[in-house]
Amino acid sequence: MQEQQVSSAQEMPLQRRCVHCCEQPDQRFYQPQYQPLPQINMTILKGEKGDRGERGMQGKFGKTGVAGSRGHAGPKGQKGSMGAPGERCKSHYAAFSVGRKKPLHSNDYYQTLIFDTEFVNLYDHFSMFTGKFYCYVPGIYYFSLNVHTWNQKETYLHIMRNGVEVVILYAQVSDRSIMQSQSVMLELQEQDEVWVRLYKGERENAVFSDEYDTYITFSGHLIKYSGDP
């Protein structure tokens, strides 16, 4: 009987199942179950807004970038309203030109040339009574003096400013009489005085003129007002 069982067992082949060697015996037939994660409301966990922090230090300036291309011209704007009227333009003038038709000889004193002919005397800044120009507009002035010498006599005059000799007009003794001139530019302040003086008679000194022609002239005019830029 035992021999029959052994022989029958040898005749029937054994059936084997494939099993992973790494699996634990209790996990060979385990199937994981899906479990949903819990949802957390973040608004509940959000705290109150904190205070504003202090401003940080300014960082370093970056490098200047490349200039961009010029944009298109915008549309023409509307015409603006008229502005307020400006101040009136202030003009400053001063000019004179006078002459003398009488000769003058020197004596023991200095003599101021008094003129008897008025060509131009703007605003009467030149006094025909004293023979002096009075500066009412400070600035730079141009003056010119023209005389006719007397033959066999010297001609010796000065253009004066406030009692100080500025320039001389001189001619030596000669057999012929000639026209002689002098000019100068002066920077004058208000109330300065300019005139022509004949030198005193240490030597024979004279200027010639007659009632028919004007041989002696003295002129001056403002070139630049001191208040102009």
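**Terms and their cut-offs**

Q: Why is Q191 called exposed?
A: Q191 has a relative accessibility of 52%, and exposed means over 50% relative accessible area, buried under 20% and partly exposed in between, with a 1.4 Å probe and protein chains only, so Q191 counts as exposed. Q191 sits in the loop between β10 and β11 (193-198), and its phi is near 80°, a positive value in a residue other than glycine.

Q: What kind of model do these values come from, and how are residues numbered?
A: This is a predicted model, in which local features need pLDDT of at least 70 and side-chain atom pairs count only at pLDDT 80 or more, while totals for chains, interfaces and linings use all residues. Residues are numbered from 1 along each chain as its sequence is written, and side-chain values use heavy atoms, with hydrogens and water left out.

Q: Why is Q152 called partly exposed?
A: The relative accessible area of Q152 is 46%, which lies between the limits for buried and exposed, so Q152 is partly exposed. Q152 is placed in the loop between β7 (139-148) and β8 (155-161), and although Q152 is not a glycine, it has a positive phi of about 70°.

Q: Why is L222 called buried?
A: L222 has a relative accessible area of 13%, and because this is below the limit for buried residues, L222 is classed as buried. L222 lies in strand β13 (residues 216-225), where a strand is a DSSP run of E with at least two residues, a helix is a run of H or I with at least four residues, and both are numbered from the N terminus.

Q: Which residues does L222 touch, not counting residues up to four places away in sequence?
A: L222 touches H92, Y93, A94, V137, G139, I140 and Y141, a contact being heavy atoms within 4.5 Å. The C-alpha atoms of L222 and C135 are separated by 9.7 Å, and these two residues are 87 apart along the chain. For the chain, 71% of the contacts between residues at least 6 apart in sequence join residues at least 24 apart.

Q: What makes β1 and β13 a pair?
A: Two strands pair if DSSP finds at least two bridges between them, and six bridges join strand β1 (residues 95-100) to β13, which run antiparallel, so the two strands meet the definition. Within this pairing, R100 stands opposite I216 in β13.

Q: Which sheet has β1 and β13 in its order?
A: An open sheet of five strands, with antiparallel pairing, has the order β4-β1-β13-β7-β10.

Q: Why are β4 and β10 called edge strands?
A: Each of β4 and β10 (179-188) pairs on one side only.
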